[in-house]
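Student: I would like to go through the terms used for this model and see what each one rests on.
Tutor: Then ask about them one at a time.

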Amino acid sequence: MLLTDSVNLAHAPSPANDSERLLFRHLFETLVRLDCSGQVRPELATVWSPDPSGRTWTFSLRDGARFPDGSLVTAAQVISGWRDRQTPVQALGIDSAVALDPRRLAVTVRDQSHSAPALFAEPVLAATPPLDATAPATGWIAGPRRPRQPQLEFEVSPDDARDALDRGADLVVTRDPALVQYAASRPEFETVPLPWTRTYVLLQPVGNEPIEGIALSDSARRSLARDAVKGEARPAEPPFWWDTLDLCGTAGKSEISPQPSARVAYPRADPVARGLAERIVALGRSGSPLRAAGLADSEFAAAVRQGDERAYVVPLPRQSRAPCRDPASFPVRASALPLIDTRARAIVRRGSPELTVDWDGTVRVLGEDPSGEDSP
């Protein structure tokens with residue numbers, strides 16, 4: 001499998017780009033997974049059951065489950081990884097977790113819910129061994145061996161992906177239209193459109209003067225999707241999970257600067273966000289001049305928390321199983337204007353192992369379902 005973005009194992013298990021999402025989904029298992037129809041299926045755990053209250057769930061781990069380095073996965077190690085990520089784990093509504101024995105753990109959730117098992121497909125709950133956070137991953141990464149699944153190898157290569165396809169790569173997930181066009185011209189490949197997985201919004205903190213001329217019509221959104229970005233895009237379509245974010249109690253925690261900058265900030269490494277920010281600056285009618293400003297990921301996250309930029313172009317996932325889990329996404333009281341949806345394509349070599357797609361659009365190689373059922 002070809003990974004065209006940079007990969008940093010320190011981000012695991014929460015990916016920062018499409019390549020990390022593909023890699024982490026194969027390296028680090030969650031207790032359960034959600035298939036493309038939203039059905040809960042076994043993953044690291046083979047069986048689970050609630051107590052009479054419906055709040056405490058007991059999970060039994062798969063016999064012989066191993067980390068990518070070959071060491072056995074135990075209930076205590078799963079819980080240890082969660083403790084290392086205590087804040088986002090608690091934000092999911094998990095109150096406590098206890099190892100009952102090496103293969104069983106009991107997890108208590110805050111609210112009784114018949115959909116609780118689906119919560120445990122969240123990437124932040126993946127089981128991870130201690131990771132080397134000192135350097136990004138380069139070269140080849142070997143995937144773990146799992147039942148009835150071929151041995152996987154991942155190549156991290158920011159170079160021309162066409163060369164890697166010519167060398168024999170079986171799968172690449174891309175948003176590059178030129179690469180899709182190249183693969184479409186080669187009979188040994190097929191390209192598969194993936195679900196719409198990302199929505200870009202214009203975040204304007206309340207208290208800042210709105211950017212005039214940016215009350216976008218449907219036709220204006222179509223123009224953005226067609227002309228402002230490279231790759232597959234469409235006007236953003238509801239429903240939007242963040243419309244209920246005020247219910248999480250996160251709105252208004254940050255103070256808004258009375259004199260915001262004249263910048264429309266966006267994550268520098270995201271070319272779609274850049275195209276949108278530049279077009280918004282061109283469309284905006286304002287008493288003060290606007291400019292687009294690309295910021296490194298850490299700078300962008302801090303800028304959103306502070307709320308002192310005029311506006312932000314923010315990429316958000318199309319779906320969220322727990323909208324309150326990441327208050328950093330919307331840390332200030334703000335209006336969120338949906339702009340466009342985007343999706344990637346999978347380029348697959350014909351005759352490669354069978355693939356499936358998870359609930360959030362992540363591609364994975366199809367292995368044995370521990371329940372004995374066939375995956376879709």
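Student: In which helix is the place of alanine 184?
Tutor: Alanine 184 belongs to helix H6, residues 177–184. Helices (H or I, at least four residues) and strands (E, at least two) are DSSP runs, numbered from the N terminus. This is a predicted model, in which local features need pLDDT of at least 70 and side-chain atom pairs count only at pLDDT 80 or more, while totals for chains, interfaces and linings use all residues. Residues are numbered from 1 along each chain as its sequence is written, and side-chain values use heavy atoms, with hydrogens and water left out.

Student: Why does alanine 184 count as exposed?
Tutor: Its relative accessibility is 58%. Exposed means over 50% relative accessible area, buried under 20%, and partly exposed in between (1.4 Å probe, protein chains only). Alanine 184 therefore counts as exposed.

Student: Is alanine 344 buried or exposed, and what makes it so?
Tutor: Alanine 344 has a relative accessible area of 5%, so it is buried. This residue lies in the loop between E17 and strand E18 (345–349).

Student: Which residues is alanine 344 in contact with, leaving aside its neighbours within four places in sequence?
Tutor: Contact means heavy atoms within 4.5 Å. On that basis alanine 344 touches Val173, Thr174, Arg175, Val192, Pro193 and Leu194.

Student: Which residues of helix H7 are buried?
Tutor: In H7 (residues 218–228) they are Arg221, Leu224, Ala225 and Ala228.

Student: How do you know that these buried residues line one face of H7?
Tutor: Seen down the axis of H7, they fall within an arc of 115 degrees, so they line one face. The arc is that of the directions from the helix axis to the C-beta atoms. Their cover includes strand E13 (233–235), helix H8 (271–283) and strand E17 (334–342).

Student: What is the strand order of the open sheet of four strands?
Tutor: The order is E4-E5-E7-E6, with antiparallel pairing.

Student: Why do E4 and E6 stand at the edges?
Tutor: Strand E4 (45–50) and strand E6 (94–101) each have a single partner strand, so one side of each is left without a neighbour in the sheet.

Student: What makes E4 and E5 a pair?
Tutor: Two strands pair if DSSP finds at least two bridges between them. E4 and strand E5 (residues 56–61) have five bridges, in the antiparallel sense. Tryptophan 48 has phenylalanine 59 in E5 as its bridge partner.
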